[in-house]
Amino acid sequence: MRIIAFLFLILLPGLASAQGAATLVADSVTLNGQDQLIASGNIEAFYQGTSLRAARIVYDQPTDRLTIIGPIVIRTPDGTLMTANQATLDPKLENGILLGARLVLNQQLQLVANQISQTDGRYAQLYKTAATSCQVCGTRAPLWEIRAERVIRDAQEQQLYFDNATFRVRGVPIFWLPRMRLPDPALDRSSGFLIPRQRNTSQLGSGFKIPYFITLGDYRDVTLTPYVSSETSTLEIIYRQAFVRGDVRIEGAISDDTLVDENRSYVFARADFRLADGYQLNFDVEAVSDPAYLLDYSYSGKDRLDSAIALLRVTDSTLQDANLTYYQTLRDDESNASLPPIVAEATYETRTRPGFGGSLTLGGSVDTAYRYSTIDGEAGRDVTRAGVRGTWRQDWVLNSGVVGTASFGARTDLFQVSDDSTYPGTDLRFVPSAGLTLRYPLVRSGARGVAHLIEPTIGIGWAAAYGGTPPNEDSTRSELDRANLFNPQRFTGDDAVETGTQAAVGLTWTRVGAAGTTSSLTFGKIFRDRAVSAFSPSSGLDGTTSDWLIGGQVITPDGFVFDTRTLVDGSTGLTRADNRIAWRNDAVKLAAAYIWQAKDLTEDRPETVSEWTLDAGFRLSPAWAMTLDGRYDVAADRPVRAGIGFEWRNECVTIDVSASRRYTSSSTVEPTTTFGLSGSLTGFSAGRSQGGPAAACMN
């Protein structure tokens, strides 16, 4: 019969009154005289979250010491596990010596020592220590281990200090260090070296990146990464800071290489802040010393940089948005002076429900596009627009099941144009509009829980423009899709408007399976009484009749998504097609896309575009994973980029190898091949490391 003893009542009154009760459960508890307690048999002791299991415990009151005979198992509140053959400790289990001991941190890193000395519950000194997170099978050496003459663990600072340390692989010494400091695996953040990476490129040669992480308090840190090869000396930096209402991230690099004759650099900075009264402030800065730098070092594939500041507030009934953006082009065929490089916009919108029904939306906006160039014409044109608008909308459902939407609106815009004599300096435009959309959803429930929905839709719209025709700066890339088929205004900006009378017809079929698979198919076309010249030929919207829109989608419960859109001209054939496949589950992460676009000089596309892209990851086994990415130009019959990577992971090691090739070239960029290699040891990274499957021990 097991006996429960409350130690604070018998032997530890001072400790119990100050700290709480220490509870002991054992098969047998006896008193030897007046000052010694002996517990034996399946002992379990609990004190302030710390538990102890042992075969025998002797408490001596005059010396205030516990003599413990093992096997001993001690678990602390932070998850640390200690085992030993025998120990001498104080009643708090904070000071003493454990012999034949093993210390397990965060269920990952185990340290085996001849002796562990505990001091003040904070410091643990381990003598003749072997540390590893690998599976240990009998007398066979683990895959890797660190042997040290002494290891000090600071539980408060969560650091491990090694003296006279040797790193071994399968028992073979690889390198030796007189002193070494590593983070406790339970630590979230700690200054120190991160995982090094080997990088080999055809332009920069073979080199190493050795990042060093520095904590600057609880809310700031910086990572410095020297990158050295035969062709470059580079220092990369990442700075992060968290605020109560936001965060800042700055990354950049500076390089001295053999590719150009001067130092090269870049900086990307981003900040997001939540201000009072629901406002959000966001800004980002992007700058680079030369057009090829980002691609040469694989920092980014962007060919236009944008630095912006924005202020946004959204409520149930209002929208306030103001932003200022500066663009920098990295393309060979563009200049910053004529992009335009500076674009600013401010918008206010409010929505109310008037007493006569429906919803009323009122708003105003101001935007400007500024170019440095003063050349007369499009290359130097500056445009500023200020406008107000209002729209009333009413939805209803008739007894027959027809769903209707009616809308009436009007907008007035004032344009100021400079450095382009083709347009007047000041122009005023007034645009009234009206629209009606009718939908007739038909639902049928089939066998085994399958549901079908067929929805024919017709939309009728009218708009007129009174005043001048301003230059179109913000609506040059509009195109027909399922989202704007029944929208009477399909331009993406405010400079251009669709005028005249139009009708859009469409039919959508949707199937919902009993298992959750959803599929849909949409057909649509637009008819007008006049052509809209501002639409490009490949937009699907030019002429008096639009292209046929054919769209489809399939979504399955296991994460598979297929989405397609095709625009077909009745006389010339295919205008545009884009298809996307995505699949995500425990074994596969797949994203693939194909796009086809007819040549269109109005969109600066002199040749047909036909490309596919692939980004995939596969879990080949619990230990092996593979990634693939690629982009292929079908029209030119040449690859654009390709990459492959492999990862091998077990319970204590992760190794990544990768290879990639960028085939694109220009006057500033050369094709590049890159190889990468990195490895990490589970158990020493700040925060819990995700290990792989453990190897089985063979008899």
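Rings of Phe, Tyr and Trp (for Trp, the six-membered ring) were taken as a pair if their centres lie within 6.5 Å, with planes under 30 degrees apart counted as stacked, over 60 as edge-to-face and the rest as tilted. By this rule the count comes to 17 aromatic pairs. One of them is formed by Phe 167 and Phe 175, which are stacked at 5.4 Å centre to centre with 15° between the planes. Phe 167 counts as buried, at 14% relative accessibility, and Phe 175 as partly exposed, at 42%; here buried means under 20% relative accessible area, exposed over 50%, and partly exposed in between (1.4 Å probe, protein chains only). An edge-to-face pair is formed by Phe 560 and Trp 583, with 6.5 Å centre to centre and 80° between the planes. This pair links distant parts of the chain, 23 residues apart, with Phe 560 in strand E36 (residues 560-569) and Trp 583 in strand E37 (residues 573-584). Phe 560 is partly exposed, with a relative accessible area of 26%, and Trp 583 is partly exposed at 30%.

The model is a predicted one, in which local features need pLDDT of at least 70 and side-chain atom pairs count only at pLDDT 80 or more, while totals for chains, interfaces and linings use all residues. Residues are numbered from 1 along each chain as its sequence is written, and side-chain values use heavy atoms, with hydrogens and water left out. Helices (H or I, at least four residues) and strands (E, at least two) are DSSP runs, numbered from the N terminus.

One aromatic cluster is formed by Tyr 227, Tyr 266, Phe 268, Tyr 293, Tyr 297 and Tyr 299. The charged end of Lys 209 sits over the ring of Tyr 227, 5.1 Å from its centre. Likewise, the charged end of Arg 313 sits over the ring of Tyr 279, 5.4 Å from the ring centre. The criterion for such a placement is that NZ of Lys or CZ of Arg is within 6 Å of the ring centre and within 35 degrees of the ring normal.

Nonpolar cores were defined as sets of buried Ala, Val, Leu, Ile, Met, Phe, Trp, Tyr and Cys residues joined through side-chain atoms within 4.5 Å. The largest has 43 residues, and those with the most contacts inside it are Ile 68 and Phe 162. Apart from it lies another core, of twelve residues, among them Tyr 227, Phe 268, Tyr 297 and Tyr 299. In soluble globular proteins, nonpolar side chains tend to be buried together.

Strands E33 (500-512), E34 (518-528) and E35 (548-555) each supply at least two residues of the patch. Leu 442 lies in strand E30 (residues 442-445) and is partly exposed, with a relative accessible area of 40%.

Most residues other than glycine have a negative phi, and most peptide bonds are trans. A cis peptide bond joins Gly 70 and Pro 71, with omega about 10°; Pro 71 lies in strand E6 (residues 65-75). Asp 64, although not a glycine, has a positive phi of about 55° and is placed in the loop between strands E5 (50-60) and E6.
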